[in-house]
Amino acid sequence: METVKHLLAEKLLAVKAIKLQPEQPFTWASGWLSPFYCDNRKTLSFPDLRSFVKLELARVIAERYPQAEAVAGVATGAIAQGALVADLLGLPFCYVRSKAKDHGMQNLIEGEVKKGAKVIVVEDLISTGGSSLKAVAALRNFGCEVVGMVASYTYGFDVAKEAFAQAQVDLTTLTDYEAVIQVALQTGYIEERHLPLLNAWRQSPATWKP
C-alpha cells in the first residue's frame, strides 16, 4: 500500500515539480549548488494534484493541530495553498511577508488575525528553515500562539531540524527527501550510482561541489 509520502513524491516527480539532476546541478538563490530542485508552486497548475495537497494538509491540521483557530501562509510560495486549506477548514487566513512593506500600512502580516489566536503555519517546502521560522517569529511577536507548521516537502537537512527544535516549532510534512529518492529509484528517474552523490550533497549542502 502506498503511503501519502510516496504517493505525493510520485505525483511531484510526474509533473516535474521536483527535478533531480545529479550530473547537472542547479544553483539555488542562496548560491548553493544542488542536484535537487523542488518547486511546489507548480502543483497549483494541476487541479487533481492541487486538491490532493490541499486535502492532505487539511487532514494533517485537523488530526494533529485541532486547536488551530487561524491559518497563516508564508509568502510567497504558500499563500495560495494556505488560502485553499483555510477555506476547506473554514478558518481565517492571513499571510506573512518576508519583510514589511515600505509603503501604505507597512504590514508584515497581511489579512486579519487576532492577538492570542492559535495559528497553524502553512509552508510549501522546508530547506534550511530560515524563512519559515522568520514567519513564526513575526506571528509570535504580533501576539499569536503558533501551534505548529505543515508543509508539502522537506529536504530534512540537519540545520533545519536543529532550527525548528530550537524555536520549539512542531513541523509535519507530507513528503520528504527519503520518499522522493525511493520513488525516483523505483521509476528509473535516477540510478543506484547517483545515490552517493545525492547523499553527500544532503549531508553538507552548503559546501557541496559536484
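Student: Is Cys-144 buried or exposed?
Tutor: This is a predicted model, in which local features need pLDDT of at least 70, side-chain atom pairs count only at pLDDT 80 or more, and totals for chains, interfaces and linings use all residues. Residues are numbered from 1 along each chain as its sequence is written, and side-chain values use heavy atoms, with hydrogens and water left out. Buried means under 20% relative accessible area, exposed over 50%, and partly exposed in between (1.4 Å probe, protein chains only). Cys-144 has a relative accessibility of 7%, so the answer is buried.

Student: What kind of aromatic pair do Phe-36 and Tyr-155 form?
Tutor: Rings of Phe, Tyr and Trp (its six-membered ring) pair if their centres lie within 6.5 Å; planes under 30 degrees apart count as stacked, over 60 as edge-to-face and the rest as tilted. By this rule there are 15 aromatic pairs. For Phe-36 and Tyr-155, the centres are 5.2 Å apart and the planes make an angle of 75°, which is edge-to-face.

Student: How many residues apart in sequence are the parts that this pair ties together?
Tutor: Helices (H or I, at least four residues) and strands (E, at least two) are DSSP runs, numbered from the N terminus. Phe-36 is in strand E4 (residues 36-38), while Tyr-155 is in the loop between strand E9 (145-154) and helix H5 (158-167), so the parts are apart by 119 residues.

Student: Which residues does Gly-129 touch, not counting those up to four places away in sequence?
Tutor: Gly-129 sits in the loop between strand E8 (118-126) and helix H4 (130-142), and counts as buried at 4% relative accessibility. Contact means heavy atoms within 4.5 Å. With that cut-off, Gly-129 touches Ala-160 and Phe-164.

Student: Which ring has Lys-115 over its face?
Tutor: A charge sits over a ring if NZ of Lys or CZ of Arg is within 6 Å of the ring centre and within 35 degrees of the ring normal. Lys-115 lies 3.9 Å from the ring centre of Phe-142.
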